[in-house]
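Please open the model in your viewer and keep the sequence panel beside it. The tour below goes from one selection to the next.

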Amino acid sequence: MVLYSDYLYFASSNKSADDFHEKVTEALQLFENCMLDYSLRACVYNNTLNNAMPRQDGFQCWASGAG
């Protein structure tokens, strides 16, 4: 629930359940792909991966729950 609440607060436009679902799905896919080759710690602290995550200002690595 916190994740969706943050999305609604930080998202500047196109706020919808479908948009939220797409962003979370994309972030999880990026994270899961990282986990195929690297450890959980390496993926959580991977700046390149974190910057590639579809997120709004204020979000931190929300696919892993580390934010």
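Helices here are DSSP runs of H or I with at least four residues, and strands are runs of E with at least two, both numbered from the N terminus. This is a predicted model, in which local features need pLDDT of at least 70 and side-chain atom pairs count only at pLDDT 80 or more, while totals for chains, interfaces and linings use all residues. Residues are numbered from 1 along each chain as its sequence is written, and side-chain values use heavy atoms, with hydrogens and water left out.

Begin with the protein chain as a cartoon: it contains 4 helices and 0 strands, which gives the pattern α-α-α-α when read along the sequence. Colouring by accessibility comes next, where buried means under 20% relative accessible area, exposed over 50% and partly exposed in between, for a 1.4 Å probe and protein chains only. Of the 67 residues in the protein chain, 30% count as buried. The protein chain exposes about 4,700 Å², of which carbon and sulfur atoms supply 51%; such areas come from the Shrake-Rupley method with a 1.4 Å probe, and for residues only the protein chains shown count as cover.

Now select Ala27, Phe31, Cys34, Cys43, Val44, Leu49 and Met53, the 7 residues of the largest nonpolar core. Such a core is a set of buried Ala, Val, Leu, Ile, Met, Phe, Trp, Tyr and Cys residues joined through side-chain atoms within 4.5 Å. Helix H2 (17–37) and helix H3 (40–44) each supply at least two residues of this core, and the largest share, 3 residues, comes from H2.

A search of the whole structure finds 1 disulfide. The torsion about the S-S bond of cysteine 34 and cysteine 43 is about -100°, so this disulfide is left-handed, and both cysteines are buried.

Finally, which side chains meet in a salt bridge? Select lysine 23 and aspartate 19, whose side chains pair at 3.3 Å, N to O; a salt bridge requires a side-chain nitrogen of Lys or Arg within 4 Å of a carboxyl oxygen of Asp or Glu. Because they lie 4 residues apart in helix H2, lysine 23 and aspartate 19 are separated by about one helical turn. Lysine 23 counts as buried at 19% relative accessibility, and aspartate 19 is buried at 9% relative accessible area.

Notes:
Disulfide = S-S within 2.5 Å.
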